[in-house]
Structures are given as structure tokens and as C-alpha cells.
Amino acid sequence: MDYKRILVTAALPYANGPVHIGHLAGCYLPADIYVRYQRAQKRDIKFICGSDEHGVPITIRAMKEGITPQQVVDKYHALIGESFKDMGISFDIYSRTSSDVHRETAQAFFKKLYDDGVFEERESEQYYDEEKNVFLADRYIIGTCPVCGNENAYGDQCERCGSSLSPEQLINPRSALSNAPLVKRKTIHWYFPLNKYEDFLKQWIVEGKKDEWKANVYGQCKSWLDSGLQPRAMTRDSNWGVPVPIEGAEGKVLYVWFDAPIGYISATKELTNQWGDYWQQEDTKLVHFIGKDNIVFHCIIFPSMLKAHGGFVLPDNVPANEFLNIEGEKVSTSRNWAVWVNDYVKDFPEQQDLLRYVLAANAPETKDNDFTWKDFQTRCNSELSGNLGNFVNRAFVMMHKLCGGKVPKLHEDAMDDTDRAIIEDIKNSKAVIEAAIEGYKFRDALSEIMAFSSKGNKYLQVNEPWNLVKKLDTNPELQKRIDNCIHLSLQLCANLAIYINPFLPFTAQKMLHMMKVVDRMLEWNNAGRLDLLNVGYPLRAPELLFRKIENEEIDTQVAKLKAGLVKPAVAPEQKPVAPAKAEEAPKEIITFDDFAKIDLRVGTILSAEKVEKADKLLKLEVDLGYEKRTIVSGIALHFKPEEIVGKQVTVVANLAPRKMRGIESAGMILMAENAEGKLIFVAPNEMTDAGSGVK
């Protein structure tokens, strides 16, 4: 379909703390790259974001800091907005869900569904704190984790072991507000009947998006749909949030995941009176950039809300990224294990593009990736400074030394095969880079750009204009070869400025200054041209595009990260390890030759779904790097399908295929069993390439 306009949203960050580089890599940088590219294409595009200022994380932060929720969101809304601005994230609007426009928009949306009879009113029992006289959301409930024994696990998740929990699973649950034991009281809430939208979602996603959406997004959606959807409460008992706009709902607010995505709509309303063109016209392309933890909300819940309301476009794509770990460990804001964007800007002033480059080059597009400060240094010094910066600098230095500081002429009568090859590279590069960006493969696009720069370095090295000048006295015709080499190198530099602009906008501006041209040159229709810089035009002296990162700076950042780590207040109890069961006693000894026959490989689970009429079986699609395999595994009683998509596992890759419930299973997943009988993945401690051997 030919779209007339594009609407891009980036996930609304919670205004309960600063943003870290995992946030940038997950959705904000990819979204900005895509938007800057579309602007260069001169397309009608709006880029929407804002602070998510409601929900339990805000009130928990307020409790910790001893201030009001409003003071929390005011503080962090300003800090987050400034961090995005500093990093060049070019939103058309960065709004907030505490605005009057948002409250009115969210309430009107809820009221429309309520008046249409969409919601189901239900009475249920929920935990109540009698000392504080409030119902408690899951995050206000703490207790002992049944998996790892952490005494301070939350009612929705244990932050120590990562297990998803419910308050009923906690041992000795108590209030996070007063530390008092809990009671249950009856309360009324309004539920959205997701189950009634299964057919719509299956047709829209399973039939319509399978070949368009990323495997991690499609796989997670299909697992949810295969597991069956249930009604979901869209209201909460709280005094912080958007009040429920109906009689009899005093003391209740909209569930944050009902009101937050409506923030995209309300922010667009604030931006333009023509907001309806971007939300309600079928020729709009809507794209949500998010992290993988938000897939279900943007692909299942919000589209169902839009469908129930009517009159809104549905997302064309939801290119969710995986997670970015830090120095081999998961990011944890509670433990302060993170690289905060505002700290980076202070420590590396005017070096935003260094971080933008490293996060884009190492983007977790298909699997969790790891950020290390050493890799940051290596990429900046070897790839940015040593490749891109080196080529641009050499081209400009040679122009000033050998061509009087002006763009020399291209002499067709003196062209050789190296000239013709670089001309073809300049002409052909556009289509490859463009296709990668349009396909949301930003890492591939950046890799292609850096390869393009490497070709420029090689072209200079092969022609050696600095040596040709030494032979001019005996062979004046060599000036034409010098001119050709410098001319084509400068045209390649101009094309590089266009290509890097979506990724490294500050660097692109430096290059424009050096070339004495205006922003219009960065328009995408100029890419691939050989006449971007006019013959005889004087260019400025080169300036270094990137500075080297020293070892001392990296040591400082690693020490800072470790020094800021917050250790758990209560050490976890060490549970006694139960003896092995009789049937798990060691088996008979085998020889090394027997063991060597087993081919163990790291696999990444791309999708998971239950096998019909088999309670214990899950059908998995596993990426082994060199191929994708279907594996049937008896783990359905221990894991929900949506929980394991994206996980890495150890696979017996050379096991003979066998049919299970009519499905050919080509391999086996290795699992361990703990003392409680729960299965645990046997997997590498760090994310690694699919297909890696296990030795």
C-alpha cells in the first residue's frame, strides 16, 4: 500500500527515573534513525513520544524519595526530555500523560467503550492494607519469592531471580507501604474482554503480519493467541492516575496500560490540529518502536482497544528490539547497574555520536546483546576514527595539499578501473542502505555504510596520490590521476554525509560545515550522485570528526559502574540442595569417543506454542545460526510459551529426528531440574551467537 503519511511512536518512558543506554538501544535510537531517514526522503512523518506519568512505579519512587507523585514526574519528565534532546532524539513532540489534553482524551476513549457496552463489570477480592486504608497493586505487595527465597520480592516479579509472580504465590505477603500483613476485600473493576477479539487478532496478525513482522514479535504474539486470551481489568484502585469517568467509580483510575498508549493519540492532538489525519486515515502508516517487554501491550491489547473504539488505524509494524545488557549482566535500575544517558553526556561532552554509533552497530535487533566499555572504546577508535574519520580526513587533507583546497575536475580520459569501480559503488550504495532501513535492519544499514567508507580508504590507498605528486616533474599527466582520485573521494564523502545523517546527525553537520554546503544536500534523493560538490568549489580545512577514547577513560567508567552498584539489603537465604532422586543417580561411565559424538549447540528460541491435546509439549522454532529447527519439548508444565521466546538454550543438534504428536522434532533441548522439581534452562551465562558449539 502506498502511504500518504507516516506516524512513528516510541514507547513512553516511565517518569520515575532517568533513561539508560538500554532504553536508547531498545527503541528510541532505532526510531530516531528511521524518522531522520524518512524526513530525508521528504515524506510526511510525525515522531511522537512523552513521559508515562501514572502507575505504580511512580508512586513507589515517590515513597522512596519522600515526595509527592507529581513532584516525581515533574523532576524526571524534565530530566528524561533533556537526555533525549542531548542525544539528538528528534521527537516532533515530547509530551506527558499528566496533561489536561491526555486526561480528557483517555477519559473520552474509556467512556466511548463503556457507553458501547464493551466492558465487563466484575467484583473480586484484592489485597488491602488496613493501616493505610488502600487497596494494593501488585507492586505494593512484597513477600518471599517461592523460587529463590528472596524476602523482598514484588507481587508481580522477583527482581533477584527474574521470575514472574502473582501476589498469591508470595510467601508471607505484606504491604510495601506499612509492612503490615494483608487482608482481602471486595472491589469492583471494569474488564476489557480480550477473548472476544481473538478472531480479529488472529486474522490481522497470524494471517496478515507473519511475513512482515520480526520473528520475536510475531512469535510472542502467536504464543499469546495460542494460549487463549482472557478479560483484563482496565481500572485500578488508586488516587494517582486518570480518574475513571463514570458514576460509582470514585477512588479508581484507568489502568496505566490502558491510559499510556492513548498518550500517543493525545500527544498528536497537542502537536497538530490535523491529528485525525495521522490516526484515522487508512493511508497512514503507523509504526510503534518498543522494547520486547512491551510487545503484548502494543500488538494485542492496544490494537484491540482501537478496534473496539473504531475509527483508528492499526499499526503497520512493531519493530521491537531485545534487551541490551551491561558488562555481561542484565540492566537493573534498582541495583543501579546501568549506564545513565545524562551521566554519559556529562562525561563525554559533545560526543553523542560515539554512543549513537556503538548502540546502533551493536543493536539488540534479533537477540539480547551486551554493551561493554572496552567494546565502546574499540568501536570508537577502530571503526569510527580509524575508518570513517580517517577517510574523510585523508580526502580533505589531500585536497588542500594537492589541489589548492578546491574540488578538482574529473578527467574522463584519465579514468582507470579503480575510478570506474568506486563510481559504481557510489551509484549502487543507495539502494542497499535504503532497503535495510526500510526493513528496520538498522545494524545492517550501518554496516553497509561503514563498508562503503572502507572502500573509500582502499581507493585512496591503491591510488596513492601523495606518491603520484612526486612524479609530476617527469610525468605531468599524473595530475589528472591525482584530480580523479581526490574528486571521487570528495564525492564519496558527500554521499557518506547523507548516509550517516540518520545515525550520526552531529557528525553529518560537521561534514556539511567542512564542505560549505547547506542541509538540503542531506536529502535522500541526492544519495548516489557524483556531482554533489561542484568543481572548483573551495572547501574548508578538515577537522577531526571523532576523538580517540583513552584507556584511562574506560577504566574510570568501569570503576564508576561497579562503585554505584547497590547490593540487596537482605542477603538471600541459601536453600539446602536436595539430594538427587534415585532415578537420577549417575549413569554408567562412557568413553570420550562416545561423548564426542554428541553435537551440542546454542540455539535461540524464535517462537513457542502449545501442541494440541498434549499438556506437556511445546512446539519450538529454534535458530541454530546455520538453520532453523522445529523441536518438540516436554516443558509446557514449567514454562508459558511467551516466557521463553528469545531465550537461549543448549540443543542436541545431531539427534535423529522423531515424530511427536505428528510433528517431526529435529533435536532436543537440555534442561536441569532443581530441588523443587522445576526445570531450568541449560544455557550460556551470556548471550552468544546462535549455532555456537558447546564444549
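Buried means under 20% relative accessible area, exposed means over 50%, and partly exposed is what lies in between. These terms are used in the legends below, all of which show close-up views of a predicted model.

View 1. In the UniProt record, an unreviewed entry, the feature "binding site" is placed at Cys145, Cys148, Cys158 and Cys161. Although these four positions are spread over 17 residues of sequence, the largest C-alpha distance among them is 8.8 Å. Cysteine 161, located in the loop between β7 and β8, has a relative accessibility of 34% and therefore counts as partly exposed. Leaving aside residues up to four places away in sequence, cysteine 161 touches Cys145, Val147 and Cys148. Cysteine 158 is likewise found in the loop between β7 (153–154) and β8 (171–175), but its relative accessible area is 0%, so this residue is buried. With the neighbours up to four places away again left out, cysteine 158 is in contact with Cys145, Cys148, Asn150, Ala153, Ser163 and Leu165.

View 2. Histidine 54 counts as buried because its relative accessibility is 5%. A polar contact of 3.5 Å joins the side chain of histidine 54 to the side chain of aspartate 259. Apart from residues up to four places away in sequence, the residues that histidine 54 touches are Tyr14, Thr97, Ser98, Trp240, Gly241, Val242, Val256 and Asp259.

View 3. An unreviewed UniProt entry assigns the annotation "short sequence motif: 'HIGH' region" to residues 13–23.

View 4. The model contains 34 aromatic pairs. One of them is formed by phenylalanine 110 and phenylalanine 119, which are stacked with 4.4 Å from centre to centre and 25 degrees between the planes. Both phenylalanine 110 and phenylalanine 119 are buried. Tryptophan 204 and tryptophan 213 form an edge-to-face pair, in which the centres are 5.4 Å apart and the planes are 90 degrees from each other. Tryptophan 204 has a relative accessible area of 13% and is therefore buried, and tryptophan 213, with a relative accessible area of 4%, is buried as well. Phenylalanine 110 and phenylalanine 119 also belong to one aromatic cluster, whose members are Phe109, Phe110, Phe119, Phe258, Tyr264, Trp279, Phe302 and Phe312.

View 5. Arginine 122 is placed over the face of tyrosine 191, at 4.8 Å from the ring centre. Lysine 184 lies over the face of tyrosine 127, at 5.0 Å from the ring centre.

**View 6. Five strands form an open sheet with antiparallel pairing.** The order of the strands across this open sheet is β18-β17-β16-β19-β22, and the pairing is antiparallel. Strands β18 (628–633) and β22 (668–669) are at the edges, where each pairs on one side only. Strand β16, which spans residues 600–610, pairs with strand β17, residues 618–623, in the antiparallel sense over six bridges. Isoleucine 605 has valine 622 of β17 as its bridge partner. In general, the strands of a sheet pair through backbone hydrogen bonds, either parallel or antiparallel.

**View 7. Glutamate 350 and lysine 516 have a positive phi**. Most residues other than glycine have a negative phi. Glutamate 350, although not a glycine, has a positive phi of about 60 degrees, and this residue lies in the loop between α10 (341–347) and α11 (352–361). Its relative accessibility is 69%, so glutamate 350 counts as exposed. Lysine 516 also has a positive phi, near 55 degrees, and is found in the loop between α17 (505–515) and α18 (551–563). Lysine 516 is partly exposed, because its relative accessible area is 33%.

How values were computed
Residues numbered from 1 in each chain as written. Predicted model: local features only at pLDDT ≥ 70, side-chain atom pairs only at ≥ 80, totals over all residues. Heavy atoms only, no water. UniProt positions renumbered as here; feature names shortened; annotations may be inferred. Helix = DSSP H or I, 4+ residues; strand = E, 2+ residues; numbered from the N terminus. Buried < 20%, exposed > 50% of the residue type's maximum accessible area, 1.4 Å probe, protein only. Contact = heavy atoms within 4.5 Å. Pairing = 2+ DSSP bridges. Polar contact = N/O pair within 3.5 Å; in protein donor to acceptor, adjacent residues only side chain to side chain. Phe/Tyr/Trp six-rings, centres within 6.5 Å; stacked < 30°, edge-to-face > 60°. Lys NZ or Arg CZ within 6 Å of the ring centre and 35° of its normal.
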